[in-house]
Amino acid sequence: MGWNIISALVENKPGVLFRVSNMFRARGFNIESLSVGPTEQSDLSRITITINGDEHTVEQLVKQLMKIIDVVNVERLPLDNSVYRELALIKLRVEDPTTRLEVMNLVNVFRGKVVDISKRSMMIEITGTPDKIDAFKSLVEHYGIIQLARTGVCALPRGVIYE
Amino acid sequence: MVELSGAKALIKALEKEGVDVIFGMPGGANLPIYDELYSSNIRHILIRHEQSAAHMADGYARVKRKAGVCLATSGPGATNLVTGIATAYMDSSPIIAITGQVPREMIGKDAFQECDIVGICTSITKYCFQPMSAKIIPEVVKKAFYIAESGRPGPVLIDVPKDVQQEVADTEFPELVKIRGYSPHIEPDVTQVAKAIDLLLSAERPMIMAGGGVHISGAFNELQALAEMLMIPVVTTFKGKGVFPENHPLSLGPIGMHGHAEANKLITEADVLLAIGSRFSDRSVGKFDEFGKDMKIIHIDIDPAEIGKNKQVDIGIVGDVKVSLRIMLKMLANRVIKKYTEGEETPWLKHVREVKEYYRSIVKDNGSREVTAMKAIKKLRELLPAESIVTTEVGQCQMWTSLHFDVIVPGTFFSSTGLGTMGFGFPASIGAKVARPDVHVVDIAGDGSFNMTENSLAVSVLEDIPVIVFLLNNYSLGMVAQWQRLFYNRRTIGVDLKGVPDFVKVAEAYGAQGIRAQSMQELEYAIKTALKSDVTTVIDIPIDPEENVFPFMPPGKGLKDTILAA
């Protein structure tokens with residue numbers, strides 16, 4: 001069992017995300033996250049999937065993805081040679097000025113940003129590996145999380161050293 | 001560029017693909033297409049239920065080894081196709097299913113006879129198209145045929161909104177299409193092939209397991225050449241039944257849930273298995289982890305996702321079966337290998353022959369009447385010309401055929417092996433007859449299964465497509481009844497069809513010929529009469545409702561657990 005990032009280039013047209021996610025459902029793949037967005041080419045989108053699974057499962061997932069006609073290319077990204085990031089928005093219950101300062105200190109340590117403040121809450125934007133976001137979340141959990149949204153992982157392989 | 005309506009462009013594109021027949025039924029949302037069909041040379045065969053249209057296109061496709069076309073209206077017409085499309089998908093058969101759809105502006109509004117058929121069919125097709133302008137229709141049709149027929153074949157849906165059928169646009173017909181996410185032509189890796197040869201030559205007890213991919217690829221001669229050159233016995237999967245002549249001394253016939261006892265036993269004794277164009281289905285190999293524990297497995301398949309899907313293998317070769325086997329044969333021609341002369345036997349072949357002779361000698365039928373399923377099927381084989389095409393319904397009739405009907409000419413047998421669709425055989429036999437009017441086509445049927453699509457008798461009679469329905473009638477859903485007798489303490493429920501309808505009268509009601517055969521003499525007469533008839537003949541053969549199919553690998557078990565009798 002291991003954590004894997006799979007990056008798929010797909011045709012940018014209606015129905016493609018349905019085909020991909022429908023395949024996961026039909027074949028019983030239990031994925032952890034999925035993110036989709038535009039790429040350097042306007043007619044292609046990139047779908048990034050993370051999955052916890054054994055080698056056989058991940059290999060099958062890659063092959064089944066490749067089989068989908070709208071999927072142009074599939075890559076398994078090596079964790080030690082890729083950059084992968086996730087963005088989270090966390091709305092915390094913060095009602096007094098002292099706590100507010102405490103949270104801001106934590107946000108600074110994690111190089112996050114406070115993006116919204118009200119009398120009773122603070123919203124924090126934090127970017128990083130899923131581990132980093134988990135760590136931040138566990139540190140602020142006791143203040144009370146009102147709402148939380150995560151994007152899922154977005155990733156690219158690193159450049160070759162001597163290009 | 002020419003100005004054409006979407007419907008006209010569609011029909012023209014089909015003509016350019018060489019389509020000569022469409023199995024279909026009109027309705028509100030496909031009328032513009034029908035109006036163009038009116039002035040086309042494409043033959044239209046009016047079906048009585050869309051499920052049968054898909055099965056007919058499927059039967060046609062399996063015989064012609066090119067795509068068959070079916071056509072339905074939106075909503076219920078489209079959903080009636082679904083069983084047939086799923087059947088073709090599971091058996092990798094190329095069909096093009098064309099459906100009418102409500103006009104573009106009505107899509108998503110729950111319009112009358114609207115149905116999201118693209119959503120429904122996504123997991124049972126290779127691809128679904130929904131052209132949203134008339135202009136792209138020729139390209140869509142070209143791509144649909146390319147996808148359906150290339151690589152591992154399969155069904156493709158084209159769902160055309162009614163106003164797109166009516167829209168007039170400047171249209172171009174491309175000669176070639178490219179799809180960047182689809183590259184079906186994979187050259188087999190020669191180093192893998194070389195490794196496979198080394199492994200096969202080092203084997204003491206080699207075995208070939210031939211699947212449906214041999215049929216799809218048309219690699220019958222290559223398979224036989226390889227088996228004979230290396231003197232390797234051949235088992236088939238049920239989908240692969242008949243890809244290797246079943247009267248050949250090296251043939252062991254189908255393995256699996258109702259495979260031959262000797263095939264099920266001997267495959268487990270092999271030390272090296274060459275699996276060709278097979279997906280290691282549970283019906284063929286039983287429990288995945290138990291199968292082939294002690295053997296090395298070489299797997300040739302055109303679909304990369306099949307390598308290692310159900311069974312981890314030692315050597316995987318991705319490529320077309322015929323191309324791969326040709327490379328193998330060419331490499332073998334340059335190797336010094338022991339040539340076998342007729343009658344010469346290795347200890348393994350001697351053992352194989354003895355086991356086969358033993359099990360064949362103890363095969364007996366277990367019906368109480370003069371005519372049993374086994375005797376009837378053997379009589380049919382005796383009287384039927386070798387090049388005839390045989391298909392089956394699903395259930396006991398199918399498994400008796402698998403066991404007792406030896407296919408002599410490769411590629412002349414097919415059945416719904418993956419989805420196991422009752423009602424498949426009869427419409428599929430009609431499709432097969434349209435593809436090959438010069439040979440006899442027989443559907444070996446059961447009463448439950450035939451009952452599901454028997455209304456295709458109207459099509460068969462009115463369109464002059466005579467086939468033979470060889471109906472083993474046990475007045476019940478026999479396979480289910482067998483499971484209830486064996487695994488549910490004889491608590492039979494929901495299986496008694498009570499001999500209704502009278503199939504001789506049913507045949508006659510449709511203008512076909514019905515003959516009842518209750519003795520071997522009557523059966524022989526009936527078969528001979530049917531073979532001479534120029535109208536469809538239903539031979540109704542009452543058999544013992546308690547007759548079971550054996551051998552039997554009980555569900556959830558392995559090939560070693562095959563039982564020979566109750």
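Two strands count as paired if DSSP finds at least two bridges between them. Helices (H or I, at least four residues) and strands (E, at least two) are DSSP runs, numbered from the N terminus.

This is a predicted model, in which local features need pLDDT of at least 70, side-chain atom pairs count only at pLDDT 80 or more, and totals for chains, interfaces and linings use all residues. Residues are numbered from 1 along each chain as its sequence is written, while chains are lettered from A and ligands numbered from 1 in the order in which they are written.

I will talk about chain B, beginning with the whole chain. Chain B has 22 helices and 20 strands. Its radius of gyration, taken over C-alpha atoms, is 24 Å, close to the 24 Å from the globule rule (2.2 Å times the number of residues to the power 0.38) for 566 residues, so chain B is as compact as a globular protein of that length. The C-alpha trace spans about 70 × 60 × 45 Å along its principal axes. Of the 566 residues, 57% are buried, meaning that 20 or more other C-beta atoms, placed from the backbone, lie within 10 Å of the residue's own.

Next, the domains, whose bounds come from an automatic or database domain assignment. Chain B divides into domain 1 (2-171), domain 2 (190-337 + 346-360) and domain 3 (364-558). The centres of domain 2 and domain 3 of chain B, over C-alpha atoms, are 29 Å apart. In contact (C-beta atoms, placed from the backbone, within 7 Å) are 22 residues of domain 2 and 17 residues of domain 3 of chain B.

Now the sheet. In chain B, 6 strands form an open sheet with parallel pairing, in the order 16-15-17-18-20-19. Strand 16 (413-414) and strand 19 (513-516) of chain B are at the edges with a single partner strand each, so one side of each has no neighbour in the sheet. Strand 18 (residues 468-473) and strand 20 (residues 537-542) of chain B run parallel and are joined by 6 bridges. L472(B) sits opposite I541(B) of strand 20.

Last, helix 1 (residues 6-16) of chain B. Why is this helix largely enclosed by the rest of the structure? Because 8 of its 11 residues are buried. Among them are G6(B), L10(B), I11(B) and L14(B). After helix 1 of chain B comes G18(B), with a positive phi near 85°.

Conventions
Buried ≥ 20, exposed ≤ 12 C-beta atoms within 10 Å, placed from the backbone. Contact = placed C-beta atoms within 7 Å.
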